[in-house]
Amino acid sequence: MFCPKMPLVPSCILCFLALSGFLSSLMSKDFCEGLEGFGRFYERPESGGLQSAKLFLSYQHQLGHIDGQDQNGQSFDDDFEEFRRFWMGLSGQFASHWKFKVVSQLSNDRNAYPGDYRQWGHETFRAANLTYDAGKAFDLKNMDSLQLGYGRRTGRMADEWQRSSTVINCLERSSFANKLWLYDKEKGNPLATWAKWSAGNHTFDAAVFSGTYDDYLGGWKDSKVFYLSWLGDYSENSSYDLLEYWISYYKQQGDAGEDHLAGGMDWSLALVNRFGQGKWSMHSTLAFGQNGSFDQNGAAQNTLLQGEFRGAVLMPMYWLKKDRLKLVGRFLYQESDQAQGLKLNSRYVPLAQARDSSLQLNGGRGDQHHAFYLGLNYYLCGERMKVISGIQYDDLQSEGSTQYEGITLGTSFRIWF
């Protein structure tokens, strides 16, 4: 049985928690309202050209500590400090019915790796797209809205990806949520063309994504992913304050030698439910899928990495103090038919192995994974400025043998406008 030997609250994390209390004493209502509109610098709604423009910035600094055992029972522990995110962008509206959005990832922090460097500058686009409000342009009566789009965007599946990184509830998204995400070769959002429309309490999203990777926009020469989702919001006619159902599905088609999305995944189906009343809420994801025959680069995958998989994530949340202090829990279980069909998408386990080559973690792969998370979020200015802290226990198995067991503790300061 794994027993952590570390002090569970390192002094650096205590400093982050103390900092949140200090910052809270300085925050005023005017400051928080100013932060919300801080990036807006151009407003001319009567113009036939550019009508509005807004700067975007997202900054996140994170501390982490890991204590675990590898497949041979070797114990290890390590500390991490990183610029988790530094994104900048620009969004706006022009010619009445057109909108644009560009967000660049400007940090590539490898301070935690051997070599100890931090790289700054454009890495990849988190978003780069144009959308056309066809519903307003053509005054469609049978729809509440119709949006047509082209460019780089997120392919969301799990509940945790329905919320952007700026309004995330946990320190990190779960391994299962990240497995379902339609990421490109550089863990960015791919090029797509789509239509999104709503009528009543129903919202639909149909898209085609390109597997072709590019630092900028990209093209359509590689695999294609066909995506469809439906969101039903039944909150208004329910006894709950929140009641939503979301179903999403994608299928990937691509040949050998072509770039693929989502690690080469063949298909996936996700069922999401969100409900809540007053201080509490529950978000859940149930999903199934098929690992593909090809990897991200279109190379044939080892059969141990293929096969079907399935899993579930439950996330109960409770406001200890409304709009200020939230308690967040998360339970994850996932399994696959093959010995290495799952990957422990921990942020810090691979870093620990990169620092210590004697660790044997099977590449963070297995066929069964349990994880339990408990976190506390402190909101200084709502979602726009907050401190998220949490502890997670992971147990990764392969063919009945433990590959990794351990605890991760972390905290992060996040601000965006």
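**Figure 1. An aromatic cluster.** Phe94, Trp98, Phe100, Tyr132 and Phe138 form one aromatic cluster. Rings of Phe, Tyr and Trp (its six-membered ring) pair if their centres lie within 6.5 Å; planes under 30 degrees apart count as stacked, over 60 as edge-to-face and the rest as tilted. This is a predicted model: local features need pLDDT of at least 70, side-chain atom pairs count only at pLDDT 80 or more, and totals for chains, interfaces and linings use all residues. Residues are numbered from 1 along each chain as its sequence is written, and side-chain values use heavy atoms, leaving out hydrogens and water.

**Figure 2. Tyr240 and Trp280, an edge-to-face pair.** The whole structure holds 24 aromatic pairs. In this one, the ring centres of Tyr240 and Trp280 are 6.3 Å apart and the planes stand at 90 degrees, so the pair is edge-to-face. Tyr240 lies in the loop between strand S9 (224-233) and strand S10 (242-253), and Trp280 in strand S12 (residues 280-291), so the pair ties together parts that are 40 residues apart in sequence. Helices (H or I, at least four residues) and strands (E, at least two) are DSSP runs, numbered from the N terminus. Tyr240 is partly exposed, at a relative accessible area of 32%. Trp280 is also partly exposed, at 35%. Buried means under 20% relative accessible area, exposed over 50%, and partly exposed in between (1.4 Å probe, protein chains only).

**Figure 3. Phe372 and Tyr393, a stacked pair.** The rings of Phe372 and Tyr393 lie 6.4 Å apart, centre to centre, with 25 degrees between the planes. Phe372 sits in strand S17 and Tyr393 in strand S18. The pair links distant parts of the chain, 21 residues apart. Phe372 has 42% relative accessibility and counts as partly exposed. Tyr393 is partly exposed too, at 24%.

**Figure 4. A nonpolar surface patch.** Tyr240, Trp280, Tyr318, Leu320, Leu327, Leu374 and Leu376 make a nonpolar surface patch of about 610 Å². Strand S13 (307-321) and S17 are the elements that give two or more residues to the nonpolar patch. Patches are made of residues with over 30% relative accessible area and no salt bridge; like charges are joined within 9 Å, nonpolar side chains (Val, Leu, Ile, Met, Phe, Trp, Tyr) within 5 Å. A salt bridge is a side-chain nitrogen of Lys or Arg within 4 Å of a carboxyl oxygen of Asp or Glu. Accessible areas come from the Shrake-Rupley method with a 1.4 Å probe; for residues, only the protein chains shown count as cover. Leu320 belongs to strand S13. Leu320 is partly exposed, with a relative accessible area of 44%.

Figure 5. Trp319 lies in strand S13. Trp319 is buried, at a relative accessible area of 16%. In a regular strand the side chains alternate between the two faces of the sheet. Not counting residues up to four places away in sequence, Trp319 touches Lys279, Arg324, Leu325, Lys326 and Tyr379. Contact means heavy atoms within 4.5 Å. Ala127 is 192 residues from Trp319 in sequence and 32 Å from Trp319 in space, C-alpha to C-alpha.

Figure 6. S13 and strand S14 (residues 325-336) pair in the antiparallel sense over ten bridges. Two strands pair if DSSP finds at least two bridges between them. Phe309 stands opposite Ser336 in S14. The hairpin of S13 and S14 has three residues between the strands. There, Asp323 takes a positive phi near 65 degrees. S14 also runs antiparallel to S17, joined by eleven bridges. Here Gln334 has His369 in S17 as its bridge partner.

**Figure 7. Gly382 in the loop between S17 and S18.** The loop runs between strand S17 (368-379) and strand S18 (385-398). Gly382 is partly exposed, with a relative accessible area of 32%. Gly382 and Arg324 are 58 residues apart in sequence and 7.3 Å apart in space, C-alpha to C-alpha.

**Figure 8. Ser58, a buried residue.** Ser58 is in strand S2 (residues 50-70). Ser58 is buried at 6% relative accessibility. Its contacts, leaving aside neighbours within four places in sequence, are Arg85, Phe86, Trp87, Thr166, Ile415 and Trp416.
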